[in-house]
Amino acid sequence: MNTIHSRVKSRRTESSLGAEREHFDKQQLSSISKAINSTETPVKEKHARRIILGTHREKGAYTFWSYALGFPLASNSILSWKFCHVLHKVLRDGHRNVRHKGNLHDKYGQLVFLYSKLLCTKLEFHVKRPTIPPNLEVTDEVLERTAGTDINNVFQLTVEVFDYLDTELRLAETVIRQLNTSIAISTLTSGQCRLSPLIQVIQDCSHLYHYTVKLLFKLHACLPADTLQGHRERFHDQFHSLKTFFNKARDMMYFKRLIQIPKLPDSPPNFLHAASLAKHVKPVVVMANEDEPEQQDDDDDDPEPLIEVSDFATSSVQEIDIFDQAFGPANGGFDDRDLQIESLKRDLELLRADLERVKAEAQRYITQLKSQINSLEAELEEQRAQKQHALVENEQLRMELEATQWDHTVISLVCAERAQATEQRYNKLKEKHTELVASHAELLRKSADTVKMLSATQQTQEEVERTKHQLSFEIDRIKQEADMKLEEQKFEMEKLKRELEEKMAEVMRIKATLQSSEKVSSDSMTALQAEKERLMRSVSEKEAELSSLRQTAQVQQSSLQQERERSSRELGDLQGKLQEKEQLKQKLLEEQFALLQGTITEAENIIQDAVAKLDDPLHVRCTSSPDYLVSRAEATLGSIDKVKKGHADYLSNMGDAGGLLRALTQFSHLAADTIVNGSATAHMAPVDHADRLTENCRGCATQSLQYLKDLKSKTTLQRADPASVRIIVQKILHLGQVRKIRAPLKLLIITRFVSSSLESIRAHSTTSQIQNSVGVLMQCMDLAIRMLIIASTDLQKEIVESGRGAATIKEFYAKNSRWTEGLISAAKAVGWGATEMVESADKVVLHTGKYEELIVCSHEIAASTAQLVAASKVKADRNSKKLSVLQQASRHVNEMAANVVGSTRTGQEHLEEKDTMDFSGMSLIKLRKEEMESQV
């Protein structure tokens, strides 16, 4: 009997378990089909809650995945969207074994894609970091243990959290953007269908934001700030996006009754200041009562019973039903037990309503308690942060107190020495200032005397020049008169000779006639003889006239010879006077040169005094700002231009040295000022910059003294050139205003523009114009050589590789942004100049431009190339071979620019010679104007 009873019991147990499993499957299928459907309504919480309870009951999501795999997700976007929502909730709140287990083109397609990507990211993150639960609710201690002490692990975890938060924010931004562009609002079911998954996104984002702040403060405590520049920028972008998302969600009616969204601070935390961690408050999300008011659908099944009815009661009811079916109900179909059953059912319904009310009240109390717990945790975090902030401030005050005590002991010993050294330095500077003022006044007096002497010398020289011009004019006039008389005499002699030749020819013709006549007739001999005698007499008369004319010519030639001798004597007297004037002029030139030597000597003394201050120990305490150094260097460059102009004027007219003297005086003072202020600026600069600036100051002094030495000697006066001084001053100027760069050069576009310009020339120009314009454009092609591009690119790579260290190229450019901007500006200037030159050449060929534009563009390219080389030299090694290659390419570009200018001017002159003026439509005033311009 026991065996039979046990078998019957086991069979009953198996049947009950099967029925229970069938009931569970039926319930799960109903919940899944009602939660994930194609109706555009939000997922109800009770269906999702039953699915989540089912995962905990079977310790996995086998039932959920078996039904979910049969959904046509690829053909219905709303179905896919709801599936992602339910899967998100299951991954967050379901059993931990849940994670061990499509192409849409309508309005939900992009949302489904982003939601799927978010879920994949969430799965990958939590599989890789199993210590962090899917709901992301962990304490700071667990986060610290997950990050560990290895800085590489902390860095990698920060990047993963960044990616996680990016996918969350991207989904939220897309949903809100579609909601703004469509007619759906948060009070409609279509809008709520899109907004309902954002509740889990808000919960995730609050925790991820807190993790990001903690991890970034930990990274900044171990790594330099420059290395984490990219992390800070990425956090700032996510902070502003998250703040915008929270603000928009907080204003929507749908979220106000479901979730309490925290407020983020107005500005992101300052990770460069460690004390800012104390001001950080963890954002806390508070969920409202999850029992949302829902209308009971017609097809909803009965609520899930919280108390299971015993098997005994079920079997009893079944037995009673079988008995009633077999024998019929007692008492004619009516029994007292039926009334009891009905009353018990009504009581059960009342009890169930009371139980639901108690559950709702308990849930409300739980929510309130959770909000209080969250507020207390926030207060606790704030108290901890204040405590840490107080500890940090206490440590800082203690260190400041120790430093103040030490400074107080040191200051009392140093004050006396500083006061004495300052007094001595002040006295020496005062004496030097007095000497400089006296020397400046003396130079001004000498300059005034020089100007007076120059004015008198110029007047004398002008008188000599006027006398010389008058004498040369008189001599030319006498020569012209003598030449005219001689030409007249020669003309008369030639005329007489021609007449004599004609007479002789006539005589010979007559003789021939006579000879022929003698043969014909002897009777006419007498007549011919008489004619011959007459002709002979006429010949003798002509010879007498010729002799008289010869005598007259001889007399005139003798008188002309006397006139020439008299003119030569007068010319000799004038040359003597001119030699005296030349001697006076030479004496004046020597005086001018002596005055120039004195000015140069004084300028050398000023620059040597400035160089001596570089090694003066008292000058070490002097400082200067880079802005003032830049202004002094620019003024020095301007004075160099004036010196160069004065030098050219002096070489063209050595009798006037006033401009050169004034320019040298100004240059010496400005150069000395630049050297002193450069050294003073170097005292505040880093070591490498200070050494380079001091070396350039010494180089400026050396080159200036060498240039003054060349000016001081007559042998080297002609070839003296301040170009080396200009270069070293420009280096000082560039060191004063350090510029930075990233970007490659863009000169390869010149070849394409030049080729198109050549095609335009062949299509629109004549043969001579093609020859001239092609010559100009070929020079432009030579200018746009690839050597400059290759050299600059190689040097830039060398600079980046040698200077970036462990950082990336992008980080190097971001760190040296000012230098990058300077190099970009120079490269753009070179490319712009080349483009403008090609366009100007094209306009010249089409007769719509001017040749002067080509010349200006060539000068712009040369200047931009110099700026590019200077910007590259700021970061390059001075012994770099690639820097030498770049400088050689720059010199080649300058030579090509000079060739362009020469070819342009040659072509312009050639066209001007061939261009004939049309005077038919010009007035008299325009004709006179063109005549004057042609003479000029």
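Me: Contact means heavy atoms within 4.5 Å; leaving aside its neighbours within four places in sequence, which residues is T599 in contact with?

Reply: This is a predicted model, in which local features need pLDDT of at least 70 and side-chain atom pairs count only at pLDDT 80 or more, while totals for chains, interfaces and linings use all residues. Residues are numbered from 1 along each chain as its sequence is written, and side-chain values use heavy atoms, with hydrogens and water left out. T599 lies in helix α15, residues 525-614, where a helix is a DSSP run (H or I, at least four residues) numbered from the N terminus. Once the neighbours within four places in sequence are set aside, the residues in contact with T599 are L661, L664 and T665.

Me: Is T599 buried or exposed?

Reply: The relative accessible area of T599 is 9%. Buried means under 20% relative accessible area and exposed over 50%, with partly exposed in between, for a 1.4 Å probe and protein chains only. T599 is therefore buried.

Me: How are α9 and α10 oriented to each other?

Reply: Helix α9 (residues 198-222) packs with helix α10 (residues 229-250) at an angle of about 150 degrees, and their axes, lines fitted to C-alpha atoms over the stretch in contact, are 11 Å apart. Angles over 145 degrees count as roughly antiparallel, under 35 as roughly parallel, 65 to 115 as roughly perpendicular and the rest as oblique. The two helices α9 and α10 are therefore roughly antiparallel.

Me: How many residues of the contact of α9 with α10 are nonpolar?

Reply: From α9 the contact draws on residues including L198, V201, I202 and Y209, and from α10 on residues including F235, F239, L242 and F246. Among the residues of this contact of α9 with α10, 4 are polar and 1 is charged, while the number of nonpolar residues is 14.

Me: How are α2 and α4 oriented to each other?

Reply: Helix α2 (residues 45-58) and helix α4 (residues 77-93) have axes 10 Å apart and pack at an angle of about 45 degrees. Residues of α2, including A48, I51 and I52, meet V86, K89, V90 and D93 of α4. Given that angle of about 45 degrees, α2 and α4 are therefore oblique.

Me: How many residues of the protein chain count as buried, as a percentage?

Reply: The secondary structure of the protein chain comes to 27 helices and 3 strands, and the accessible surface comes to about 57,400 Å². Of the 936 residues of the protein chain, the part that counts as buried is 35%.

Definitions and conventions. Areas by Shrake-Rupley, 256 points an atom, 1.4 Å probe, with all protein chains shown as cover. Axes fitted to C-alpha atoms, helices over the stretch in contact; angles between N-to-C directions. Contact = heavy atoms within 4.5 Å. Nonpolar A, V, L, I, M, F, W, Y, C, P; charged D, E, K, R; others polar.
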